[in-house]
Amino acid sequence: MEHTCPKCKVGLTEGQLDHAGPLRVYKKGEGAGLFGPDTKQMDDICPFVCPECGLVEFYVPNPGKFQ
Ligand SMILES: [Zn+2]
């Protein structure tokens, strides 16, 4: 998916977080049970960086999980 910097209007470059293990996000309150939320409800956090001003935006590949 192509993302654009809202200030510079240039394409953002996909980055990678320097983090041990997957860094994921899930809908707040979803599957809050004994074993925690199902990993299928989680989505990866993907950073995109503007090569002009350095702005970082985070996106998930499957935003439909948050509807
Ligand atoms: Zn920018």
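Buried means under 20% relative accessible area, exposed means over 50%, and partly exposed lies in between (1.4 Å probe, protein chains only). By that rule Cys50 is buried, because its relative accessible area is 3%. This is a predicted model: local features need pLDDT of at least 70, side-chain atom pairs count only at pLDDT 80 or more, and totals for chains, interfaces and linings use all residues. Residues are numbered from 1 along each chain as its sequence is written, and side-chain values use heavy atoms, with hydrogens and water left out.

**Zinc site**

- The zinc ion has four protein donors: Cys5 (SG), Cys8 (SG), Cys50 (SG) and Cys53 (SG), at 2.3 to 2.4 Å.
- Donors are N, O and S atoms within 2.8 Å of the metal (3.2 Å for Na, K and Ca); water is not among the atoms, so sites may look incomplete.
- The site is tetrahedral, with angles of 106 to 114 degrees among the four donor atoms. Four donors count as tetrahedral if all angles lie between 85 and 135 degrees.
- The donor residues follow the spacing C-x2-C-x41-C-x2-C in sequence.
- Cys8 sits in the segment before strand 1 (13-14) and Cys50 in the loop between strand 4 (46-49) and strand 5, so this pair ties together parts 42 residues apart in sequence. Strands are DSSP runs (E, at least two residues), numbered from the N terminus.
- Cys8 counts as partly exposed because its relative accessibility is 29%.

- The largest nonpolar core has five residues: Cys5, Leu12, Cys46, Phe48 and Cys50.
- A nonpolar core is a set of buried Ala, Val, Leu, Ile, Met, Phe, Trp, Tyr and Cys residues joined through side-chain atoms within 4.5 Å.
- Cys46 is in contact (heavy atoms within 4.5 Å) with Glu14, Glu57, Phe58, Tyr59 and Pro61, leaving aside neighbours within four places in sequence.
- His3 lies in the segment before strand 1. His3 is buried, at 6% relative accessible area.
- With neighbours within four places again left aside, His3 contacts Val10, Gly11, Leu12, Phe48 and Tyr59.

**Lys65**

- Lys65 is placed in the segment after strand 5 (56-59).
- Lys65 counts as partly exposed because its relative accessibility is 30%.
- Beyond residues up to four places away in sequence, Lys65 touches Lys27, Lys40, Gln41, Met42 and Asp43.
- Met42 is 23 residues from Lys65 along the chain, yet their C-alpha atoms are separated by 7.7 Å.
- A polar atom of the Lys65 side chain lies 2.6 Å from the backbone oxygen of Met42.

How values were computed. Helices (H or I, at least four residues) and strands (E, at least two) are DSSP runs, numbered from the N terminus. A polar contact is a pair of N or O atoms within 3.5 Å; within protein, one must be able to donate a hydrogen and the other to accept it, and residues adjacent in sequence count only if both atoms are side-chain atoms. Four donors count as tetrahedral if all angles lie between 85 and 135 degrees; four count as square planar and six as octahedral if opposite donors are over 155 degrees apart and all others between 65 and 115; anything else is irregular.
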